[in-house]
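Subject: Structure handover and notes

Dear colleague,

Here is the structure I promised to pass on to you, and my notes on it follow directly below. Please read them with the model open beside you.

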Amino acid sequence: MTRRVNKTLQPASHRRLLLPNFCAPDSVITVVVITELVAVVLTLGRSDQIGDGSFWQDLARTSLFLLWIGLGSAAVLCKARAYLSGLTVPRAVIASLGLLLAVTALTSEAGWWLDQYWEQMRLIDSHRGPGAHLRFLGANLLTCLIVGSLALRYFYVAQQWRRNVQLEAASRVNALQARIRPHFLFNSMNTIAALTRKDPALAEEAVEDLADLFRASLRDSSTPLTLKEEMEIARIYQRIEQLRLGDRLRVVWKVKTLPLRAQIPGLSLQPLLENAIYHGIEPRPDGGEVIVSGCESQPGMIEMTISNPLPAPGDESRRQGNQIALSNITERFELAYGGRAEVEYGVKQDRYEVRLRFPRVEQTR
C-alpha cells in the first residue's frame, strides 16, 4: 500500500525578497559604479560637445548629486533590510521603491534649494520658469523609478544566484560525506563482530568507540571540525583497528606543533588513515608503520601528511583501490577553500603519501 504525500508549492507572492547587505563594501562599490554609469549617460544626453570644459563640469555636478542619492539609498536599504526580508516579494519591492523615491525627493529638494542659495550668493539670475522646480523634481523621481527598478532586479537576481550556489555546495558536501560514512562504519562493525566471541570486553569497548564514530559522522557536515576534534575521531578509529591488527599496526603522530583550534572539513583524516591501514598495513604479514604528521608550513597555511609503507614489488596481495575517499576529500576541500587548498598523493621513497595543505582558519569562541 502506497502513501501519497501532498505537498503544496509556495506561491511566488509568498516568497521573500532576497537583498544583499548594502552596508557591505562590495555592495557599496556596486552602487557607486551604477551611480557613475547613470551620471555619464545623463551628462551625455544633455551635452552638445563632448570633451570640453562644460561637459566635465556637468559630469562632476551630476556625479556628486547622484552619489548623494545612491549612497543615501544604500544606507536606508541597509537599515531596512531586516524589515524588507520579512515581506513578500511584491510588498518588499513596493516598499524598497518607496524608500528610494523618498531619498531621491529629499535629496532633490536639498539640492534645489542649495543651488538657489548659491546663485543668490553669487548674484546670478538663472531665468528659471515657474514650473522648473516641479519639472526638476518629477524628472529625478521618474529616473529614480526606472534605474531603481533595474538595480533592485539586478541585486535580487545576483543574491538569488549566490544563495543557490551556496545551497548546491552544501548539498554536494552532504552527498560526499554520506558516501564516506558507510565506508568505515561497516568495516568497524565487522571488526566488532569478530571480537564478540573472542573477547567480549574488548568488543564492548569497540562498541563505545563505534558509537562515538556514529555521532561524529551524523553531525551537520556544513559545520567544520577543529583539528583537535578531527584527530580524536581518527584516533578512535585507530583504537578499533588496533584491536583487530594488534602489534602489526603502529601509528606515529607527529602533530605537536599543529594549531588545534584550526578548522578542517569533518571526516578528512579518518578516511585517509583507513586507506593507509587497508592498503599499507593489512597486506604485509609483519605489518608496518603509519605516520601522521602536521605543522604550519608557512604563516596561515597548515600542512598534514599521512604516509604508509608499500607492499613488496610483485606482491599479489597488493590491493587496487578506487580512490573514492581521495576524490571526495579533494572535492570537499575545493568546496571549502576554493583554490587555496591542495590535496596531493603518490609514491614517495617507498611509501605512499597523502598531503593536505589548507588555510588556517581558527574557531572563534
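Glu303 is buried, with a relative accessible area of 18%, where buried means under 20% relative accessible area, exposed means over 50%, and partly exposed is in between, with a 1.4 Å probe and protein chains only. Please keep in mind that this is a predicted model, in which local features need pLDDT of at least 70 and side-chain atom pairs count only at pLDDT 80 or more, whereas totals for chains, interfaces and linings use all residues. Residues are numbered from 1 along each chain as its sequence is written, and side-chain values use heavy atoms, with hydrogens and water left out.

Glu303 takes part in a salt bridge with Arg357, in which the closest N and O atoms are 3.3 Å apart; the term stands for a side-chain nitrogen of Lys or Arg within 4 Å of a carboxyl oxygen of Asp or Glu. Arg357 belongs to strand β7 (residues 351-359) and Glu303 to strand β5 (residues 301-309), so the pair ties together parts that are 54 residues apart in sequence. Helices (H or I, at least four residues) and strands (E, at least two) are DSSP runs, numbered from the N terminus. Arg357 is itself buried, at a relative accessible area of 15%.

Arg357 also meets the side chain of Glu342 in a salt bridge, at 3.8 Å from N to O. This pair links distant parts of the chain, with Arg357 in strand β7 and Glu342 in strand β6 (residues 342-347), 15 residues apart. Glu342 is partly exposed, with a relative accessible area of 34%. A further salt bridge joins Glu353 to Arg355, whose closest N and O atoms are 2.9 Å apart; Glu353 counts as buried at 17% relative accessibility, while Arg355 is partly exposed at 21%. Through shared partners, salt bridges join Glu303, Glu342, Glu353, Arg355 and Arg357 into one network. Over the whole structure, the search finds six salt bridges.

Most residues other than glycine have a negative phi, and most peptide bonds are trans. Gln349, which is not a glycine, has a positive phi of about 55 degrees; Gln349 lies in the loop between β6 and β7 and is exposed, with a relative accessible area of 71%. Leu267, also a residue other than glycine, has a positive phi near 55 degrees, and its place is in the loop between β3 (263-264) and α8. Leu267 is buried, with a relative accessible area of 1%.

Leu269 is found in helix α8 (residues 269-280) and counts as buried at 4% relative accessibility. Leu269 and Glu232 are 37 residues apart in sequence, and their C-alpha atoms are 9.9 Å apart in space.

Next comes the largest pocket, which holds about 1300 Å³ of space. On a 1 Å grid over the protein atoms alone, a pocket is an open set of points where a 1.4 Å probe fits, with protein on both sides within 12 Å along at least five of seven lines, and lining residues have an atom within 4 Å of a point. The lining has 40 residues, of which Thr62, Phe65, Leu66, Ile69 and Asn140 lie nearest the centre of the pocket. The elements that give two or more residues to this lining are α1 (25-46), α2, α4 and α5 (132-198), and the largest share, 13 residues, comes from α2.

Gly111 has its place in helix α4 and counts as buried at 15% relative accessibility. Gly111 and Phe65 are 46 residues apart in sequence and 7.5 Å apart in space, C-alpha to C-alpha.

Finally, Leu64, Trp68, Leu114 and Tyr117 form a nonpolar patch on the surface, with about 430 Å² of accessible area together. The elements that give two or more residues to this patch are α2 (53-79) and α4 (89-121). A patch is made of residues with over 30% relative accessible area and no salt bridge, with like charges joined within 9 Å and nonpolar side chains (Val, Leu, Ile, Met, Phe, Trp, Tyr) within 5 Å; accessible areas come from the Shrake-Rupley method with a 1.4 Å probe, and for residues only the protein chains shown count as cover. Leu114 lies in helix α4 and is partly exposed, with a relative accessible area of 49%.

With best wishes

Conventions
Grid points are joined across faces, edges and corners, and a volume is the space filled by probe spheres set on the points.
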